[in-house]
2 protein chains.
Amino acid sequence: MRVQIVEVGPRDGLQNESAIVPAAAKIVLIHKLMAAGLKRIEASSFVNPKWIPQLADADEVLQGINRSQEVTLSALVPNVRGLERARQCGLNEIALFMSASETHNQKNINKRIEDTYPILREVAQEALALGMKVRGYVSTVFGCPYEGNVPLDNSRRVTESLLEMGVYEISLGDTIGVATPKQVHEVFGELVKDVTNERLAAHFHDTRGTGLANVAAALEEGIRIFDSSIGGLGGCPYAPGAAGNISTEDLVYMLHGMDYETGIDLEKLIEAGAYIGQQLGKELPSKVLRASLASKPAG
Amino acid sequence: MRVQIVEVGPRDGLQNESAIVPAAAKIVLIHKLMAAGLKRIEASSFVNPKWIPQLADADEVLQGINRSQEVTLSALVPNVRGLERARQCGLNEIALFMSASETHNQKNINKRIEDTYPILREVAQEALALGMKVRGYVSTVFGCPYEGNVPLDNSRRVTESLLEMGVYEISLGDTIGVATPKQVHEVFGELVKDVTNERLAAHFHDTRGTGLANVAAALEEGIRIFDSSIGGLGGCPYAPGAAGNISTEDLVYMLHGMDYETGIDLEKLIEAGAYIGQQLGKELPSKVLRASLASKPAG
């Protein structure tokens, strides 16, 4: 059985790291991720650099990567201005994003959910016309930092609206890392019926340690596409110091132990994690990375 | 649905921490764990203090605890000398331990598996005669640091031998933290048939991040007793710097999210984790603890 991993460390991971990583190091990281066998990498974001200074170098990073036909690079795009930058960087895929909860959507993109649709629809139409694939993120599916519980119908409506725009795959996000396997079974069990598993990805944050347990629950619901971050890079913007995305190393270790194929070389993945940990000058959360570094002499 | 948690932080957690914690602080920790609602606490170990200096104060710690009828305190006992110390401390429960793999058993207790049985049988008989309950640990069920894969039949044989001695409950340990949910389904799925779920506990280490995913898999196999460590205290003796037991805070968070009852007050549990983290002067691995501390002002 095959599982696809979408590496979001260079974007979702790094955007929550306060130490600015030079563009050259980001390029090296992405090359190492490609060498480890990752076929889908979210490399940066074209949101306004004022919001996310870490990713202000998106164009430089994307233009510095040695492209491979086998690897799809993508970037977050909030509007047609971002799409134009993505086009100039030669991207074949972009990702749109919005929230399942009204308050988080307003705080994050400064618009009501209803007013977000026309903007994303315009971006999707232009991207599709340019021959790009368009991925969609739905945030706060499992809980909102402002509203708490988010009804499943909200996530369903946003998901269906994005699919109607021509988005090929929806990544459902536990933005604040509150989900447990019970809720994962409920959410994916329902949405798989409406949308089919081929069009759904799971995007878990490990803020409360349940990340891989949630992956196992999603696997049981037929989900075969997971987002993760090298090293467990990044953090939670709502609780600085808490954990961010699930770690790609830990995810791959678990999937291989469960006889899923990922096409990823775990040893090379660990090298990529060790590299970005050194660049940031800190110990990253990935437990497989820590266990590996602990069992080897420093150097 | 009810789940029992066996708190092993004061023993399995602390024995892998290099900084020596004073007996008085261990007593405070155990009082905080009792206040949080834990009903089963493994408080220390009566192994030779030369092997585990951290737990050389077992008698002082046990005698310093304000006992409660509702809380069962226990300690590891390797032989009849240890049992005598446990008796003098007024314990009603002890725990025996051995390995499912020959090499780990030899390195850990300096005896072959066959030669370990008579010693443990003698301890069990005397403990039962004293009116104590006897728990058993089987180590390396999911993998051995020396032999790698451990056949399920080894674990079955050791489990059955311990039960024949009058041990009431067997805790199956992933000593080096290599298990994934697939293996957990296989091992517990088989052993539950032979032994019934009431007599089996799961003891996971989070060395590779799969700890709570393994708990979710064991829950699906009917397991309702889990060992865990406050704060995720401790580490892996085979990979210093790597993670140890699963964290009690993270376990309780997940179980409550899945509608299991534990009788534990998560806020008070977090206070206990924060306390022992301060005593050790370091940030403990528990993600729930980190998220909680990150969202509160220091103080």
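**View 1. B:Ser68 sits in the loop between α3 (58-64) and β3 (72-76) of chain B.** Helices (H or I, at least four residues) and strands (E, at least two) are DSSP runs, numbered from the N terminus. The model is predicted: local features need pLDDT of at least 70, side-chain atom pairs count only at pLDDT 80 or more, and totals for chains, interfaces and linings use all residues. Residues are numbered from 1 along each chain as its sequence is written, chains are lettered from A and ligands numbered from 1 in the order in which they are written, and side-chain values use heavy atoms, leaving out hydrogens and water. B:Ser68 is partly exposed, at 28% relative accessible area. Here buried means under 20% relative accessible area, exposed over 50%, and partly exposed in between (1.4 Å probe, protein chains only). B:Ser68 and B:Val178 are 110 residues apart along the chain, and their C-alpha atoms are separated by 36 Å.

**View 2. B:Asn110 has a positive phi, near 60°, although this residue is not glycine.** Most residues other than glycine have a negative phi. B:Asn110 lies in the loop between α5 (102-109) and α6 (113-129) of chain B. The residue is exposed, with a relative accessible area of 68%.

**View 3. B:Thr140 also has a positive phi, near 55°, in a residue other than glycine.** Its loop runs between β5 (133-139) and α7 (152-164) of chain B. B:Thr140 counts as buried, at 0% relative accessibility.

**View 4. B:Leu280 is part of helix α11 (residues 266-280) of chain B.** Its relative accessible area is 11%, so B:Leu280 is buried. B:Leu280 touches B:Glu17, B:Ala19, B:Val21 and B:Leu233, not counting residues up to four places away in sequence. Contact means heavy atoms within 4.5 Å. B:Leu280 and B:Ser18 are 262 residues apart along the chain, yet 9.3 Å separates their C-alpha atoms.

**View 5. Helix α12 (residues 287-294) of chain A is largely enclosed by the rest of the structure, because six of its eight residues are buried.** The buried residues are A:Lys287, A:Val288, A:Leu289, A:Arg290, A:Ala291 and A:Ser292. Their cover includes α10 (248-257) and α11 (266-280) of chain A. It also includes β10 (239-243) of chain B.

**View 6. Chain A and chain B bury about 2,600 Å² between them.** Carbon and sulfur atoms give 62% of that area. Buried area is the accessible area (1.4 Å probe) that two parts lose on being put together, summed over both. In chain B, B:Arg208, B:Tyr253 and B:Lys287 lose the most area to chain A, together 24% of what that side buries. The contact takes 30 residues from chain B and 31 residues from chain A.

**View 7. Chain A has twelve helices and ten strands.** Its radius of gyration is 18 Å, close to the 19 Å that the globule rule gives for 299 residues, so chain A is as compact as a globular protein of that length. The radius is taken over C-alpha atoms, and the rule is 2.2 Å times the number of residues to the power 0.38. Buried residues make up 62% of the 299 residues in chain A. Among its contacts between residues at least 6 apart in sequence, 74% join residues at least 24 apart.
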